[in-house]
Every structure is written in structure tokens, then in C-alpha cells.
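Here is a short briefing on one protein model. Look over the sequence and the 3D view, then read on.

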Amino acid sequence: MHSIRSVYKIGNGPSSSHTVGPYRAAKYFSERYPEADAWKVTLFGSLAFTGQGHGTMKAIRTALPDAEVLFDLKTPEKELPHPNTMLFEAKKGGEELGRCRIFSIGGGSIRVEGEASDEELEVYPQSSFSEISALCKQRYLNLPQFVYRMEDDSIRRKLTEIWHAMEDTVRRGLAAEGVLPGGLGVARKAKLLYETRCYNESSDVTMNRVIAAYAYAVSEENADEHLVVTAPTCGSCGVLPAVLYYMQYDRGFPEEEIIDALAVAGLIGNVIRTNASISGAEAGCQAEIGSAASMAAAALAELHGLNIDQIEYAAEIAMEHSLGLTCDPVKGLVQIPCIERNAVAAMRAISAVNLSQFLFATRKISFDDVVATMYRTGLDMDEKYRETSHGGLATIYSNQ
Ligand code: SF4
């Protein structure tokens, strides 16, 4: 497996595979042809269907040097090597200098056709949770210790930088008001949720509302195309920061423990992206929100001092009950159902930890099994439920 750094990327929303990935692809390609005076970019599959709402063209334009850019959208293409495929062409004086197909494979990562992955070298010889768990038990390591042994010395510093970026996003989102861009008229709700005081509500209700407010804060910042951290994607970036922010600022957990929890969540996200997918265009929303819920559940379980089996079970429950979740963003924007979905997933992570704490000894399904099931289910999903806005809520809304 790669470094857990590949799970957490800082970039502008609203979609890691539709803005962060295409931005990085355009930068990579333009550096190959600095003499080009015109570019043609053909977007295929999900990028063509939802690129407009997700801001793909804007992200690509920002990355390419000042020159003419022609876009072509090829929505009916079948048999693509990846649902998020881009063809870049560089020209000078009307003559083609070169072309290259690049795939946006999820979470802001890209793969250039015919070249090795853009990610760093393999860091972990293990690729499944069962291998990691067996090694940790054999060597008496907890999961954060395992991460710190396998990664280079700068990993804690990197995770701290990631956490501070997540905290900034929560704070910005809680302070912001107004209507999100894109024409749906969706008003920001994080501040309202956070400030609404209801003195006769139970502490559980307060906890859920506060965590939902944090998830809304981050997801609304993402929908507003502001800076966020993928966890593991932009569309699902509100789940993990919501529970961690709550644990630090409402429950008083120290920052060092939050960083350890971030390491555990990164490991879970890494196992999913290695063995399945974190891309909504490839495997539906279960791959984005389901993965984020698993990461958040594992992080919370780590903070509560649960053992490796309990942490695994928490992550498994969170994914198991996201199975089959389709990606059907209304108008191709990362707003409905995405923002609310982040809040609900953060609350589901808490329930998963509560169950895992007591029931882990009777569990039948491993985390690796649920990850494999999620991927198979995603590949079986009709294309209209994989980030095309041609199914589910997206079509119901446009029919109204
Ligand atoms: S529905 Fe889920 S996968 Fe699709 S854009 Fe929204 S958050 Fe991402």
C-alpha cells in the first residue's frame, strides 16, 4: 500500500475526482508542453456528465497556462478504461505537439496511461486489514504505532498539518452564511445548526446536532469550492473532521490523540482505496461516504481506547450499512444529497462504535470482506447511479 498521505489531499472542492484530479492532470500535462499555445481537453464518462456542476472545466482552465482551451464532452462513450477519463492534446500554430490520456481515479489521485501511478512508492507490504491486524497483534503494536513505524519520520508532522487544515475548514464553515453557488438555492445551515440552543434536549441530541453542524460546515465549504482536505474524497470530506473536531473541542481530547486517530482513519481509507475504490464514479456513494464513515468510526474507536478487533468491527459496521448507496447528485452539484449525507454518516460512525464496543466478539463479517463486497456491488451498479446525475434523486428533482 502507498503512504496514508495519499488519502489526505488539501485542495479546492467540490469534487476530488472532478476538480482536484483534473487540476493535477492538467498541470502535469501542461508541464510537458510549455511551448503550447492551445489545448484541447476531451472529457469522457462521469466527467462529461457532471463536469459542469462539479466545476471540472474551471479547475482545468486554472491549471493550464494562459492559452486557448477547447473542451469536448463525450458522454455516450462506452468501454472506457476508467469512468473518469480525460484526453489532453497540446497544440502550437495549429499543429499537434502531443496527446495523453489521464484518469482521475478518486480522492484527487491520477493515473497517466502507460505510466506508473502518480502516487509515492509502496510504503506498506501489507494490503489488507487482516494482515495489518495479525502483525500488530504479533508485535504488540497498536494501529498508530504501526503507522509511525511504517511511514517516514515526517508523518506526524504531515498529519498535524492535515488536522490544522481540517480545523480551519470547520471554523470557516461555521462562520459562513448565504446561499451556495450552482443555482439550486441551497442555503448554508452549519451556523444555524450550531447556534440553535434547545435547553430541554438530551445530551445525545445536542451531540448529534453539534457533530452534524461540523459536518455541514466542512461540506458547505466544499460545495462553495473552498479549500478542504479529502477524507477520503472532497464529496465526503465532512464526516471525519466532524467527529474529530467534536472529540477535541467538545470532549477535550488532546491534539496528539486526534493525530493518532487521523493515522488510524488514514489506514482504513488506504485499505479501501487499495482493494476497492473511493470513487463515486466507479462504485457509487458507498465508496465515498461509506469509506468516510468507516474512517470516522475507526478514528472514534481509537480515541475511545478500543482494541484492534473493536476498531475493525466499528469500521466494518459503518461500511456495511452504507452498502448499495448510490451517487445521484442533483444538477451535478455536490450539495443534494451530499451535504446532508456527510452529517448522517458522521452520526452513523458514532452508532457503529457503540455497537462494536459490545458486540465485537460475535461478529461474522471482516472489514476486508465488507470492502470487497462494496467494490463488487459498485461494479454491479448501473452507470446511472455512479456520478452521472442520470438516476435517483438527480432525475426526480429535474422532473419536478
Ligand atoms: S452523492 Fe456521494 S459520491 Fe456522489 S457526489 Fe455526492 S457525496 Fe460524492
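How many helices and strands are there in the protein? There are 16 helices and seven strands. Helices (H or I, at least four residues) and strands (E, at least two) are DSSP runs, numbered from the N terminus. This is a predicted model: local features need pLDDT of at least 70, side-chain atom pairs count only at pLDDT 80 or more, and totals for chains, interfaces and linings use all residues. Residues are numbered from 1 along each chain as its sequence is written.

**Overall shape**
- The radius of gyration is 21 Å, close to the 21 Å that the globule rule gives for 400 residues, so the protein is as compact as a globular protein of that length.
- That radius is taken over C-alpha atoms, and the globule rule is 2.2 Å times the number of residues to the power 0.38.
- Along the principal axes, the C-alpha atoms fill a box of roughly 65 × 50 × 40 Å.

**Strand pairing**
- Two strands pair if DSSP finds at least two bridges between them.
- Strands β2 (residues 38–44) and β3 (residues 68–74) run parallel, joined by seven bridges.
- In this pair, L43 stands opposite L73 in β3.
- β2 also pairs with β4 (residues 85–92), in the antiparallel sense, over six bridges.
- Here A38 stands opposite K91 in β4.

**Around the ligand**
- The ligand has 13 residues around it, and G235, G280, C285, C327 and C338 come nearest.
- A residue counts as near if its C-beta atom, placed from the backbone, lies within 6 Å of the molecule or strand in question.
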